[in-house]
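Student: I would like to learn how to read helix packing in a model. Please take me through it.

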Amino acid sequence: MAQDNSPNKTTATNHRRSRTKFTEDQLKILIKAFNQKPYPGYATKQKLALEIDTEESRIQVWFQNRRARHRVQKRLEPEKDSEASQIQDCSEDKIHSRGDRRCRTSYTSFQLYTLISAFTNNPYPGIDSREQLAKEIGVPESRVQVWFQNRRSRFSVGRKREFDELLEQKQDPDQDF
């Protein structure tokens, strides 16, 4: 039986965001910013987003991917003095500084109820579902995405804890008697 992989068969829950394609001019701006500061703060990413006319979340992902690519290149070519060496020049304090972070997002009880209901139905929503949820509760899609990532992480930690407790009970049968 042949599988039908046509684009029309994609469901909203599994749909991914289309790949962001930056122009040459946009890339020049991003690379220049990366060379100056590979870990930009929220305000810098917002400024870059306005400058190249895209969403801040796309800037954030570009920087994450660029840093990952540089880590791989650094392992493969440890001798080369390139842009990767500039990352080493940043002090650990500067890289992990919290001064430039996005403000913590607070959710109303209605927003939390909506997010939890959606999580119960599907812990891995696609871009279409996340955008619909974002519109429904009035927050950016990037915040919905982070909420789901955090919720899945918390959910798996809770399940691991429950599993560990079950193992302890089986190893100590006199505990409940």
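Student: At what angle do helix 1 and helix 2 pack, and how far apart are their axes?
Tutor: Two packed helices are described by the angle between their axes and the distance between the axes. In this predicted model, helix 1 (residues 24–36) and helix 2 have axes 10 Å apart and an angle of about 160°. Helix 1 is therefore roughly antiparallel to helix 2. Angles under 35 degrees count as roughly parallel, over 145 as roughly antiparallel, 65 to 115 as roughly perpendicular and the rest as oblique. The axes are lines fitted to C-alpha atoms, for helices over the stretch in contact, and angles run from 0 to 180 degrees between N-to-C directions. Helices are DSSP runs (H or I, at least four residues), numbered from the N terminus.

Student: Which residues of helix 1 and helix 2 meet?
Tutor: Contact means heavy atoms within 4.5 Å. Gln26, Ile29, Leu30 and Ala33 of helix 1 meet Leu48, Glu51 and Ile52 of helix 2. By class, this contact has five nonpolar, one polar and one charged residues. Ala, Val, Leu, Ile, Met, Phe, Trp, Tyr, Cys and Pro count as nonpolar, Asp, Glu, Lys and Arg as charged, and the others, Gly among them, as polar.

Student: How do helix 2 and helix 3 cross?
Tutor: The axes of helix 2 (residues 42–52) and helix 3 (residues 56–76) come within 8 Å and cross at roughly 110°, so the two helices are roughly perpendicular to each other. On the helix 2 side, Tyr42, Lys45, Gln46, Leu48, Ala49 and Ile52 take part, meeting Glu56, Ile59, Gln60 and Phe63 of helix 3. Sorted by class, the contact has six nonpolar, two polar and two charged residues.

Student: How many salt bridges does the structure hold?
Tutor: A salt bridge is a side-chain nitrogen of Lys or Arg within 4 Å of a carboxyl oxygen of Asp or Glu. The structure holds two. One of them joins the side chains of lysine 45 and glutamate 56 (3.9 Å, N to O). Lysine 45 lies in helix 2 and glutamate 56 in helix 3, so this pair ties together parts that are eleven residues apart in sequence.

Student: At what angle do helix 6 and helix 8 cross?
Tutor: Helix 6 (residues 109–121) and helix 8 (residues 141–171) cross at roughly 60°, and their axes come within 11 Å. That makes helix 6 oblique to helix 8. The contact includes Leu112 and Phe119 of helix 6, and Trp147 and Phe155 of helix 8. By class, the contact has nine nonpolar, no polar and two charged residues.

Student: What is the mean pLDDT of the chain?
Tutor: pLDDT is the predictor's confidence in each residue, from 0 to 100. The chain has a mean pLDDT of 78, with 75% of its residues at 70 or more. Residues 1–12 stay under 50, and residues 79–96 are also below 50.

Student: Which conventions apply?
Tutor: Residues are numbered from 1 along each chain as its sequence is written, and side-chain values use heavy atoms, with hydrogens and water left out. Local features need pLDDT of at least 70, side-chain atom pairs count only at pLDDT 80 or more, and totals for chains, interfaces and linings use all residues.
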